Amino acid sequence: MDSATSERTPLSSTADNGLKIVIVGGFGVGKTTLVRSVSEIRPLNTEETMTRAGESVDDVAQIHTKTSTTVAFDFGRITLDAHNVLYLFGAPGQERFWFLWDRLFSGTLGAVVLVDTRRLADSWYAIDRLEHHGMPFIVACNDFGGPAHTEQEIREALDLADHVPLVECDARDRSSSKYVLITLVTHLQRLQAQARSLRETRA
């Protein structure tokens, strides 16, 4: 298994607060790519070469060029400041690994649902599980050059509530991936402020 953490970028000795975000989505939507593009360390990855046996299990109908797949999860790290460190976990998208997701959600602040607009139905399970756990999330449409859809069409296809942010991104681009994470953090801050305001109103 190609599991590696080669570059040992040291973690600051003052870092004492770890924050966790999970990247979920269907098979082959770019979760590994997004984690790689923003991580300050060479991410732990569990990519394996796809075999003919896997073709009968995983739906590769619209991703013919994909030659590897995540068989556990991706892991990356971003130092936010002297005390706060953000840990990124990319969940495997194949149905046979969905049992891992609930454990990955433990202790998570929020999630990014990465979407390939050519295969929107592949994202339904991720959104369903996040809603089941009551976990805040945003949706990011990774650019695969597919047919253009309006935001409204995507929201309707995903049955997405109006308050859930929906953004476009290119998971290969570091600045674009950072924008996705910033959108999620901003969304979490907004939800926290709303909850605090509600508590104060009831007090």
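Predicted model: local features only at pLDDT ≥ 70, side-chain atom pairs only at ≥ 80, totals over all residues.
Helices (H or I, at least four residues) and strands (E, at least two) are DSSP runs, numbered from the N terminus.

View 1. Residues are numbered from 1 along each chain as its sequence is written, and side-chain values use heavy atoms, with hydrogens and water left out. Of the 203 residues in the protein, 45% are buried. Buried means under 20% relative accessible area, exposed over 50%, and partly exposed in between (1.4 Å probe, protein chains only). Contact means heavy atoms within 4.5 Å. Among contacts with a separation of 6 or more, 74% join residues 24 or more positions apart.

**View 2. The largest nonpolar core holds 25 residues.** A nonpolar core is a set of buried Ala, Val, Leu, Ile, Met, Phe, Trp, Tyr and Cys residues joined through side-chain atoms within 4.5 Å. V24, V113, L130, F137, V139, L158 and L160 touch the most other members. Two or more residues each come from β2 (17-25), α3 (101-105), β7 (110-116), α4 (124-133), β8 (137-142) and α5 (151-158). Another core lies apart from it, with 20 residues, including V29, L86, A171 and L188.

**View 3. F137 and its contacts.** Leaving out residues up to four places away in sequence, F137 touches A111, V113, I127, L130, E131, L160, V164, P165, L184 and H187.

View 4. C141 is buried, at 6% relative accessibility. C169 is buried too, at 4%.

**View 5. The second largest pocket has a volume of about 370 Å³.** On a 1 Å grid over the protein atoms alone, a pocket is an open set of points where a 1.4 Å probe fits, with protein on both sides within 12 Å along at least five of seven lines; lining residues have an atom within 4 Å of a point. Grid points are joined across faces, edges and corners, and a volume is the space filled by probe spheres set on the points. Of the 17 lining residues, I21, L80, L86, L181 and V185 are the closest to the centre. The largest share of the lining, nine residues, comes from α6.
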